[in-house]
Amino acid sequence: MTSPRRQPRHRAQPPGRVAARAAVTAVRPRFFRAGRLSPLTTLGIRAGAVLILVGIALGGHWFDRTGLRDNTDGAVSFLDVVYFTVITVTTVGYGDIVPVSTSARMFDTFVVTPIRIFVFLIFLGSAYSFMLRQGWERWRMGLIRRELKDHVIVCGYGRAGAAAVAELLERGHPPDTIVVVDEDADALREAEELGVATVEGDATHNAVLSIARVEVASSVIVAPGRDDTAVLIVLTVRRLAPQAGVAVSIAAIENELLARDAGATIIVNPVSFGGQLLAQCTNGPHVADYVADLVTRGGKAELRERSVRPDEIGQGPRDSGDTRILRIYRGDRVIGFWETEGVRLENGDTVIEVIQAGSGTHR
């Protein structure tokens, strides 16, 4: 069972708020299939297309070779046709072999000239794809990585990870401060549509998380869909970024202790929390609605965690103006606003408060 201090956050969806939540998190429908061709395969296809186009021009010239004239010896051999075809396709020719018949000139005009244009475009596209674009992308990605700091990394872009990214964006996190790590290229394409940065790879590997600059990240959300993978990712994150906050989604209650021992800061168990919420709803129909209102940005109220401000030191939790402080964290102690220890706020306290939705910003 999740401890009170690590009360999990769950995106509850009571019937009265399903449409509102869907409007917040839904990604527009699209048809997309990621390319499966490697760069070498793509290059081979383009080279094959060039050979086919040159072959068409070569066949036409050989078939109508009587319409060509060799100004050197007057005879047009097969090698002369090959030479004339390649020179004509890649340039405009040198004038040593020229078309003299009407059919040969029309063939060069309406067939060879378009082939020359297509071959030029294929060469230009290949140069851009394999040299200019890759160089530009490496430079751009390197610049983005160097500027990453205090960002949020989401490991796993399944249902839970996608919902977490949508909620972060709804809460005001700029897309360029969110990095999604996943092995599924299709999932990363969907994440890129939201404007976030992505890293394709296994988040259990040090090198992959290092590319995402986990060492300077403020928080890491771990939601790979498997408890064993989640625990391993937490261990990897803790090795590279001991100071980062780590929130992990765990499905089995017996694995919560493993995740906590691995170094998770927050453990979210959607199954157990969902059961607790369902059981609580038997006491009234509005509990789930209120919980959803608190933990999501789309409702009237939201929960916020922050440090005590200097002007609040010495005051009571109920003297905080328009907000309502519900819980105080003082060192390792968890204090409710009704407890004697929570009568006065102290320097260094962290509080959980309820605020009007939209009146606060993300931390």
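**Salt bridges around a buried pair**

Author: Glu 353 and Arg 306 are both buried. This is a predicted model, and the values below are computed from it. The two side chains form a salt bridge, with their closest N and O atoms 2.7 Å apart. Glu 353 lies in strand β12 and Arg 306 in strand β9, so the bridge ties together parts that are 47 residues apart in sequence.

Glu 353 has a further partner. Arg 304 forms a salt bridge with Glu 353, and here the closest N and O atoms are 2.4 Å apart. The accessibilities can be set against the cut-off for burial, which is under 20% relative accessible area. Arg 304, with 21%, is therefore partly exposed, while Glu 353 counts as buried because its relative accessibility is 0%.

These bridges belong to a network of salt bridges that links Arg 304, Arg 306, Arg 309, Asp 311, Glu 312 and Glu 353. As a general point, side chains of opposite charge can pair when their charged atoms come close.

The count for the model comes to 10 salt bridges. One of the pairs is Arg 226 with Asp 228, whose side chains meet at 2.6 Å, N to O. Asp 228 counts as partly exposed because its relative accessibility is 44%.

For context, the model also has an open sheet of six strands, in the order β5-β4-β3-β6-β7-β8, with parallel pairing. β5 (197-200) and β8 (266-268) are at the edges and have a single partner strand each, so one side of each has no neighbour in the sheet. On average, neighbouring strands of this sheet are turned by 15° against each other, direction ignored. Strand β4 (residues 178-182) runs parallel to β5 and is joined to β5 by four bridges; Val 180 stands opposite Thr 198 in β5. Helix α6 (residues 185-193) packs on the sheet and touches β4 and β5, its direction making about 170° with that of β5.

Another helix, α5 (residues 159-170), has 12 residues and should span 16 Å at 1.5 Å a residue; its end C-alpha atoms are 16 Å apart, which agrees. The buried residues of α5 include Glu 167, together with Gly 161, Ala 164, Val 165, Ala 166 and Leu 168. Gly 172 follows α5 and has a positive phi, near 105°.

Technical notes:
Residues numbered from 1 in each chain as written. Predicted model: local features only at pLDDT ≥ 70, side-chain atom pairs only at ≥ 80, totals over all residues. Heavy atoms only, no water. Salt bridge = Lys/Arg side-chain N within 4 Å of Asp/Glu carboxyl O. Buried < 20%, exposed > 50% of the residue type's maximum accessible area, 1.4 Å probe, protein only. Helix = DSSP H or I, 4+ residues; strand = E, 2+ residues; numbered from the N terminus. Expected span 1.5 Å × (residues − 1). Pairing = 2+ DSSP bridges. Axes fitted to C-alpha atoms, helices over the stretch in contact; angles between N-to-C directions. Contact = heavy atoms within 4.5 Å.
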